[in-house]
Amino acid sequence: MTTQSAAIRNPQMQMPGMPSLGSSRVSLGPLNVSPGQVVQYCGRIRGGPRFGVKGTVVEIRLRQAVVDLGQSGRWHIPYYMLMLPAAA
């Protein structure tokens, strides 16, 4: 018995009308986020803001941004839980 190793380029099956997973995430960090920029929260934490809510960056820190999410309040959110609304 022999085995072959094949590179799996896209493990997700493509469906009509569904966007590809690889191109939708843009990594954010302190170098490419500025105060006043609109971002979207993509985290799921119990007691935290609602998934997908948009907010405005108020302050930039080394590992997180302070984001005003309107009625949800101001939150200190790590960059890996933020994405640009155009990329969502």
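At 13% relative accessibility, Q40 counts as buried, where buried denotes a relative accessible area under 20%, exposed one over 50%, and partly exposed the range in between, with a 1.4 Å probe and protein chains only. The structure is a predicted model, in which local features need pLDDT of at least 70 and side-chain atom pairs count only at pLDDT 80 or more, whereas totals for chains, interfaces and linings use all residues. Residues are numbered from 1 along each chain as its sequence is written, and side-chain values use heavy atoms, with hydrogens and water left out.

Q40 is part of strand β1, and the side chain of Q40 reaches the backbone oxygen of G52 at 3.0 Å. Strands are DSSP runs of E of at least two residues, and helices are runs of H or I of at least four residues, both numbered from the N terminus. By these criteria the protein has 0 helices and 5 strands, so that the order of elements from the N terminus reads β-β-β-β-β.

Strand β3 (residues 64-68) pairs with strand β4 (residues 74-78) in the antiparallel sense over 5 bridges, pairing being assigned if DSSP finds at least two bridges between two strands. Within this arrangement V66 stands opposite H76 in β4. The two strands, β3 and β4, form a hairpin with 5 residues between them, and G70 in the turn has a positive phi of about 70°.

When residues up to four places away in sequence are not counted, V39 is in contact (heavy atoms within 4.5 Å) with L28, V53, K54, G55, V57, V67, L82, M83 and P85.

V33, placed in the segment before β1 (38-41), is buried, with a relative accessible area of 4%. Apart from residues up to four places away in sequence, V33 touches L28, V57, I60 and Y79; V33 and V57 are 24 residues apart in sequence, yet their C-alpha atoms are 8.0 Å apart in space.

For the protein as a whole, 25% of the 88 residues count as buried. Among contacts between residues at least 6 apart in sequence, 39% join residues at least 24 apart. The accessible surface, from the Shrake-Rupley method with a 1.4 Å probe, comes to about 6,800 Å², of which 55% belongs to carbon and sulfur atoms.

How values were computed
Polar contact = N/O pair within 3.5 Å; in protein donor to acceptor, adjacent residues only side chain to side chain.
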